[in-house]
Amino acid sequence: MTPQITTTLIAITVCAAIGVLSYHLHARKHDKLSPRMVPWIIIAMACLATGFMLVVHLVNLLGVETGGRR
């Protein structure tokens with residue numbers, strides 16, 4: 001396995017872990033009157049978008065052409 005594939009897989013794992021954690025922190029019960037200081041759902045959506053780009057990068061590393069070149 002090449003170092004690029006290993007690095008991409010590690011990045012996908014870290015991104016998924018941060019995304020799941022931030023979604024969990026967003027969905028927990030909030031009884032306080034003051035707003036949350038960290039926008040957890042925005043962080044979760046950013047991890048989702050980054051994870052999608054990393055999956056496309058991994059597919060490109062495996063040899064599949066994903067671009068729309070003619």
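**View 1. The buried residues of helix α1.** In this predicted model, the residues of α1 that count as buried are I5, T8, C15, G19, S22 and L25. An α-helix has 3.6 residues a turn, so residues three or four places apart point the same way.

**View 2. Helix α1 from end to end.** Helix α1 runs through residues 3–27, a stretch of 25 residues. From its first C-alpha to its last, α1 reaches 36 Å, which is close to the 36 Å expected at 1.5 Å a residue.

View 3. T8 has its place in helix α1, and its relative accessibility is 5%. T8 therefore counts as buried, since the cut-off for that word is a relative accessible area under 20%. When its neighbours within four places in sequence are left aside, T8 is in contact with L54, H57, L58 and L61.

**View 4. H30 in the loop between the helices.** H30 is found in the loop that lies between α1 and α2. With a relative accessible area of 36%, H30 is partly exposed, because this class lies between the cut-offs of under 20% for buried and over 50% for exposed. The side chain of H30 reaches the backbone oxygen of S34 at 2.9 Å. Once the neighbours within four places in sequence are left aside, H30 is in contact with P35 and R36.

Technical notes. Residues numbered from 1 in each chain as written. Predicted model: local features only at pLDDT ≥ 70, side-chain atom pairs only at ≥ 80, totals over all residues. Heavy atoms only, no water. Helix = DSSP H or I, 4+ residues; strand = E, 2+ residues; numbered from the N terminus. Expected span 1.5 Å × (residues − 1). Buried < 20%, exposed > 50% of the residue type's maximum accessible area, 1.4 Å probe, protein only. Contact = heavy atoms within 4.5 Å. Polar contact = N/O pair within 3.5 Å; in protein donor to acceptor, adjacent residues only side chain to side chain.
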